[in-house]
Amino acid sequence: MNGYDKTKLYKTDEYVNIFPTLFEEDSEWKLSKIIPLTDEWITQVSESVKIINLLDVGGGAGLILRSVSSHIERKHNKKVNKYALDLSGAALDMQQKRNPDLKKALNENIADTSLKNKEIDLTLLIDV
């Protein structure tokens, strides 16, 4: 895809048309790497923090956001507010189907986001 306008690839949802599973088949392996890092991060967070705002940027199928947030809630007894940000509207639709409790679904660029300063506690950028 050298020389191809990658932003257009996502904004027109062409990426989802080319890769309709959004590589959800890789989610289990990715989670095996992400969960230990998340657990380590949680140990650094004050016990008084009861709510974590979790942002998944370019989260594809939404399985990682769903699994990480469920893990944090179950293992660490913390509420998770889920946010998803993607250039692809079709990918965001898939994320919303897998995470109907999303606090915000943002169809925008992370470099020019509407999120407020310090609104997010933990950001996932997997394969971005």
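Predicted model: local features only at pLDDT ≥ 70, side-chain atom pairs only at ≥ 80, totals over all residues.
Residues are numbered from 1 along each chain as its sequence is written, and local features need pLDDT of at least 70, while totals for chains use all residues.

**Whole chain.** Helices (H or I, at least four residues) and strands (E, at least two) are DSSP runs, numbered from the N terminus. From the N terminus on, the order of elements is α-α-α-β-α-β-α-β-β. The C-alpha trace spans about 45 × 30 × 25 Å along its principal axes.

**The sheet.** Next, select the four strands, which form an open sheet in the order S3-S2-S1-S4 with parallel pairing. Two strands pair if DSSP finds at least two bridges between them. At the edges are S3 (104-106) and S4 (122-125), each with a single partner strand, so one side of each has no neighbour in the sheet. On average, neighbouring strands are turned by 20° against each other, direction ignored.

Now keep S1 (residues 51-57) and S2 (residues 79-85): these run parallel and are joined by seven bridges. Pick Ile52, whose bridge partner in S2 is Val80.

Axes are lines fitted to C-alpha atoms, for helices over the stretch in contact, and angles run from 0 to 180 degrees between N-to-C directions.

**Two helices.** Select H3 (residues 27-44) with H4 (residues 63-76); they pack at an angle of about 40°, with axes 10 Å apart. The two helices are therefore oblique to each other, a class left over once angles under 35 degrees (roughly parallel), over 145 (roughly antiparallel) and 65 to 115 (roughly perpendicular) are taken out.

Show side chains at the contact: H3 contributes residues including Leu31, Ile34 and Ile35, and H4 residues including Ile64, Val68 and His71.

Note on methods: Heavy atoms only, no water. Contact = heavy atoms within 4.5 Å.
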